Amino acid sequence: MTLNALARGLPQHAGTPALTHRSCWTLLIVVYALCAALTANAESLSVGGIGSVEPLVRLLFERFHKQAPNTTLIQLSPPLGSNGAVKALAAGRIDLAVVGRALHPEEAARVGEHFVLAETAFVLASRDGRQDRGFSLDQLAAVYQGQQQAWQDGSPIRLILRASFESDSALLRSMSPAMASSVAAAAQRPGMVTGDHDLDTLRLIARTSGSLGPSTLGLLNTENARLIIFPIDGVAPSLAALQSGTYPWRKTLTVVLPPHPGPTAERFALFLRSADAQKLLLAHDYLPVGK
């Protein structure tokens, strides 16, 4: 808005002393200068990555914002995923990425500093499925293969898949040799439902009767999702089980900076390694690196 436009919005009264008009113009100039200064000093931080960390990044940024009040967060929607976020970072389209796996060597060569932020339990979740003892790995493989199609009460299991190139699919395949072949087979079965990203998958699980699909303990916590999660091979997913190693299935969060990061990205990356950030991570079922 220009000064003239601001001036037109002021009430005009007959006989107003000239000094008052000059005072109004002086005030307008001061306000205009302050607005311009605030705009110039405001800095944005664009973050891309996997959908499961979007709520977590918002929580972390809210805490960071207290020490950097002139910063704003921009999160790309829909989520870019791990592969897309690394490509966007290397191309200079985003300031910082949070991906759900370790970087490949060729990716690491195209970006700057990167470090593991935290881990969270990788889980199989359902809206209302009943499997009191959870699943063994062999049972899970039978489900993905299509050999076991019902819950213990006889109601149908409705699998929610992820695309084969996504980190969740890779994690499922890594659970056992039988799971590797069964997850690949499930992708070829007709009529299967596939989530576009982590948040979409969570919504599909939450609204589908008899659903069974992958998620993380951290995402369920930050989204306050009331879903059923299942023990695998007799071990229930929890932060304590993850820390002790008794529950081995986990998703790793890696923070990635560009080769020449901006000052806001550097400050946020430094904050992510602070005790304050680690406390928040633990409160939301994320195990900080080194804990």
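Modeller: A cavity is a set of points, on a 1 Å grid over the protein atoms alone, where a 1.4 Å probe fits but cannot get out; its lining residues have an atom within 4 Å of a point. This is a predicted model, where local features need pLDDT of at least 70, side-chain atom pairs count only at pLDDT 80 or more, and totals for chains, interfaces and linings use all residues. Residues are numbered from 1 along each chain as its sequence is written, and side-chain values use heavy atoms, without hydrogens or water.

Biologist: How many cavities of 30 Å³ or more are there?

Modeller: A volume is the space filled by probe spheres set on the points, which are joined across faces, edges and corners. At 30 Å³ or more, the count is 3 cavities.

Biologist: Which element gives the largest share of the lining of the largest cavity?

Modeller: Elements are DSSP runs numbered from the N terminus: helices (H or I, at least four residues) and strands (E, at least two). Among the lining residues are Val-47, Gly-48, Gly-49, Glu-54 and Val-57. Strand 1 (43-49) and helix 3 (54-65) each give two or more. The largest share, 3 residues, comes from strand 1.

Biologist: Why is helix 9 largely enclosed by the rest of the structure?

Modeller: Buried means under 20% relative accessible area, exposed over 50%, partly exposed in between (1.4 Å probe, protein chains only). Asp-198, Leu-199 and Ile-205 are among the buried residues of helix 9. Helix 9 (residues 198-207) is largely enclosed because, of its 10 residues, the number buried is 7.

Biologist: Which residues in helix 8 does helix 7 meet?

Modeller: Contact means heavy atoms within 4.5 Å. From helix 7 come Ser-169, Leu-172 and Arg-173; from helix 8, Met-179, Ala-180 and Val-183.

Biologist: At what angle do helix 7 and helix 8 pack?

Modeller: Axes are lines fitted to C-alpha atoms over the stretch in contact, and angles run from 0 to 180 degrees between N-to-C directions. Under 35 degrees is roughly parallel, over 145 roughly antiparallel, 65 to 115 roughly perpendicular and the rest oblique. Helix 7 and helix 8 are therefore oblique to each other. Their axes lie 6 Å apart, at an angle of about 140°.

Technical notes. On a 1 Å grid over the protein atoms alone, a cavity is a set of points where a 1.4 Å probe fits but cannot get out, and a pocket is an open set with protein on both sides within 12 Å along at least five of seven lines; lining residues have an atom within 4 Å of a point.
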